[in-house]
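Hello,

Here is the structure I said I would pass on. Please open it and keep it beside this message.

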Amino acid sequence: MILYTKFVSVIKKNLFSLLVCIGFLGIGFYLDDVLFIFLRSKEFNKNLEYYELLESSKNNIVENYMSSDNHSTQKQKYDTLHDHLVYGALDGLVSGLGDKHTQFFNPKMTEALFTQTKGNFFGIGALLEPHIKGARIVRIFENSPAQKAGLENGDIIIKVNQEVVQNIDLPSIVEKIKGPKKSNVVLWIEKESKEKSKKSLMKKIDVIRDVIHIPSTHHKILSNTPFGYIEITSFAENTDGQFDKILRDLENQKIQGLIIDLRGNLGGVVESTISMLSNFLNDKLALTIQYNRQHKLHKYTMKNKNKHYFSKLPMVILVNQDTASAAEIFAGVLQDYQMAKIIGMHTYGKSSVQTMISLENHSSLKMTIAKYILPKGRDIARKEDSDGRYISGGIFPDINVPLDFTQHPIVYGEPGKDNQLDESIELLYTMLKNDTNSKKN
Amino acid sequence: MKTIWGKNTFLLVFISFFLGYSLKNLFERNDISYFFSYNNEKNIDQNAGLLPENVNFKGLYNEVLHYLEAGYISSFKMCDEYVEEGLAGMIRSLNNPHTLFISHSKNNIYKDYLNGYIKGIGVYCDLVFSDEKEAIAKSLPNIKVCHVWGKSASFLLPGDIILSVDGKKVWCYENIKEILTNSKKKKHKDKFQQEPLISSFEEIFHSHISIPKTFEKLLMGDSGEVKIKALRNNKDIKEFHLKKGVVHLQPVELDKKGVLRLRFNHQMKSYLVQNKLPLDSIKSIDLRHNYFTDDEALMDCLNALLPSGKYGYVKNREQAVDVIHLKNHNLPKKYNIYIDETTQGAALALAKAIYKSGYGNIIGKKNIVLLGKTEFITLKKIFRLENGNEYIIPNKMYCWNISSKEVDR
């Protein structure tokens with residue numbers, strides 16, 4: 001009782017201090033909220049408003065949407081729906097920038113992207129193109145499951161595991177063909193008969209999926225010619241090393257001309273590209289990268305790797321509409337310094353530089369951060385109309401040669417089955433002849 | 001005791017402050033704030049158990065915005081346009097043909113229709129399917145005219161195939177190679193042929209018109225003229241100059257022959273509240289080309305047309321069943337119902353309800369959902385957002401047979 005009375009009297013005497021303490025306890029509790037209200041900017045408020053609109057729409061869809069999926073449990077449906085909507089919203093938001101090269105990737109896409117760039121995906125090892133009946137094999141990689149199973153260039157895939165693939169887009173067909181390592185995929189293919197009078201053959205082929213290592217370079221001496229042929233499919237981190245070895249090999253074989261095929265090459269690492277270019281040029285500006293936001297410039301210069309042999313060799317570079325980014329730098333630099341003639345179609349026109357950013361929950365953001373300019377100040381940025389049709393941009397070939405689609409089968413890099421290559425060989429012969437004449441004179 | 005208070009007031013104030021801040025963090029970490037009703041956004045928290053938040057939307061959103069603002073090549077500022085794209089992306093991610101995002105700022109045929117009008121030259125078109133394509137193999141794929149109204153009706157007929165628009169041939173991606181190959185073959189066969197030879201994709205893009213662009217040319221815009229070349233009966237090629245305009249569509253129209261045309265747009269519901277259908281004059285109901293629907297007015301339509309009784313049920317996502325019990329004292333009557341393959345949504349549900357309850361005969365082209373075994377029709381709801389955008393998602397299933405099992409397409 002005495003203790004209680006004492007306690008009450010102390011409280012009474014210190015009531016003000018006590019109230020101050022409680023007040024500060026409350027302020028402490030709500031400190032970040034209070035600071036947040038006072039300090040947040042108008043822009044932040046607007047961003048928050050936008051977020052709340054997206055969030056409420058997402059909740060509304062989750063609460064009301066009736067999916068036709070009858071196999072999952074209610075919880076699974078909510079789980080998947082929530083994730084789908086969040087990723088869909090961010091994908092939409094980023095695509096709103098209208099920049100094809102700035103993209104949001106959900107965890108599944110991120111994983112697929114990294115597996116692909118590492119070159120370890122489980123497939124059959126064949127390059128496909130869309131066909132009215134499904135997909136046509138354009139190229140089969142060496143030692144790939146497709147080659148082992150007997151598939152050939154030009155074969156048309158009609159069914160994948162009993163499913164008809166006519167009217168299905170190419171990425172979906174590829175997705176159906178891919179699968180776990182050592183699992184098998186049944187392909188129904190149509191082989192066109194070599195004799196025109198005979199009908200095409202239908203065949204069922206079992207292919208066992210495996211890890212596919214896509215080589216970024218491939219080279220050979222073109223049959224019945226003194227010319228070397230190098231195909232570069234991408235500019236990976238180690239491509240420059242491979243390229244140096246190839247050049248050494250071709251030099252030993254005393255080639256008299258070189259064809260570098262960059263068709264379908266979507267680019268890769270800039271440093272690797274500059275290192276490869278250094279085989280042909282010395283101490284010259286390769287490109288300037290301009291970071292618009294920071295007004296910074298970064299200049300890349302080529303350092304000679306003492307390949308004197310190649311700096312004098314007649315050279316042709318093959319390009320098409322799918323030649324992009326680092327591949328355009330490679331072709332553009334050699335064209336600017338008049339080291340090579342370009343044959344084929346104009347290139348894609350990707351003059352921007354992207355970076356990959358890892359986000360929460362294993363998602364990622366590929367974002368354009370800079371643009372590059374070629375040595376002679378050329379900006380090759382692609383311009384499109386409202387329908388996404390090409391208007392201008394890219395590297396223009398010195399000799400415009402469209403691919404002849406009536407030629408069948410088209411086999412890239414095979415003289416007689418690739419009209420763009422045939423044209424390149426002809427040009428090399430002319431260049432060689434002119435060279436010899438000028439030396440005589 | 002007094003001295004302790006006096007000397008350490010500052011310390012105690014600081015401890016209280018720190019204690020308060022720590023206590024809040026503790027609450028947040030253990031997610032016990034809800035029990036103390038601390039969070040003002042109680043409505044969102046109430047769903048926490050129901051909707052497991054696998055992905056932290058807010059965190060991811062802020063992260064994406066932060067990187068774009070800090071490092072994107074040109075300056076980035078969040079605006080209405082990006083939110084609109086975000087909402088569209090959300091709907092797209094459902095990957096369901098029954099869903100649709102209607103942008104506030106962009107033109108959309110669906111938006112026009114729901115608001116009671118339609119623009120363009122006065123046709124409804126559809127793609128020609130593959131088997132039909134083979135029949136007209138030489139003039140490859142195309143867009144078929146399904147329904148014509150207004151002035152266009154004196155030129156185009158249902159079944160005509162649109163071959164070119166404003167002098168450009170219609171193409172789709174799957175026939176690029178055919179176009180190229182045909183052009184090359186012509187080169188070999190006939191050196192003096194009049195049509196220009198095509199050797200690249202670019203040339204196709206510039207001398208041809210894509211299917212989406214064709215739809216846009218025919219179905220959008222309220223002024224100007226379009227030059228059309230159409231194939232009739234796989235034989236004759238006709239050429240017309242058609243003017244674009246706006247056709248206002250009443251939600252309910254009854255012609256002199258007693259044919260009732262219903263359009264399930266935004267005005268339908270209020271129309272049926274204010275007006276009564278002249279049931280005596282109605283002989284048939286034309287539901288052909290009725291595929292844009294605001295399903296909200298379906299029950300009002302059933303109420304207006306059918307006598308009292310039970311007419312199947314509506315099931316929501318939680319499997320809750322709501323029996324359709326009409327209480328109107330309309331007299332029993334039989335209608336002829338015209339349908340075709342484009343009759344969808346509320347129009348299809350209405351046709352099936354009338355037909356299954358014995359008050360109608362179905363006349364017209366086969367519609368798989370209506371005449372097949374499917375017992376359910378997906379009903380959609382339009383949600384309007386405060387920024388003017390709308391989205392449509394399926395939220396209910398309509399069924400006309402209580403004992404039936406679900407057979408979804």
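Predicted model: local features only at pLDDT ≥ 70, side-chain atom pairs only at ≥ 80, totals over all residues.

Residues are numbered from 1 along each chain as its sequence is written, chains are lettered from A in the order in which they are written, and side-chain values use heavy atoms, without hydrogens and water.

Helix α8 of chain A covers residues 239-252. Helices here are DSSP runs (H or I, at least four residues), and strands are runs of E of at least two, numbered from the N terminus. The buried residues of α8(A) are A:T239, A:D240, A:F243, A:D244, A:I246, A:L247 and A:L250; buried means under 20% relative accessible area, exposed over 50%, and partly exposed in between (1.4 Å probe, protein chains only). They cover an arc of only 165 degrees around the axis, so they lie on the same side of α8(A); the arc is taken from the directions from the helix axis to the C-beta atoms. The face turned away from that side carries the exposed residues A:K245 and A:N252. Just after α8(A), A:K254 has a positive phi of about 55 degrees.

In chain B, B:F18 sits in helix α1 (residues 2-30). B:F18 is exposed, with a relative accessible area of 51%.

A:D336 belongs to helix α11 of chain A and is buried, at 12% relative accessible area. Leaving out residues up to four places away in sequence, A:D336 touches A:L374, A:P375, A:K376 and A:R378 (contact means heavy atoms within 4.5 Å).

Regards

Terms used:
Expected span 1.5 Å × (residues − 1).
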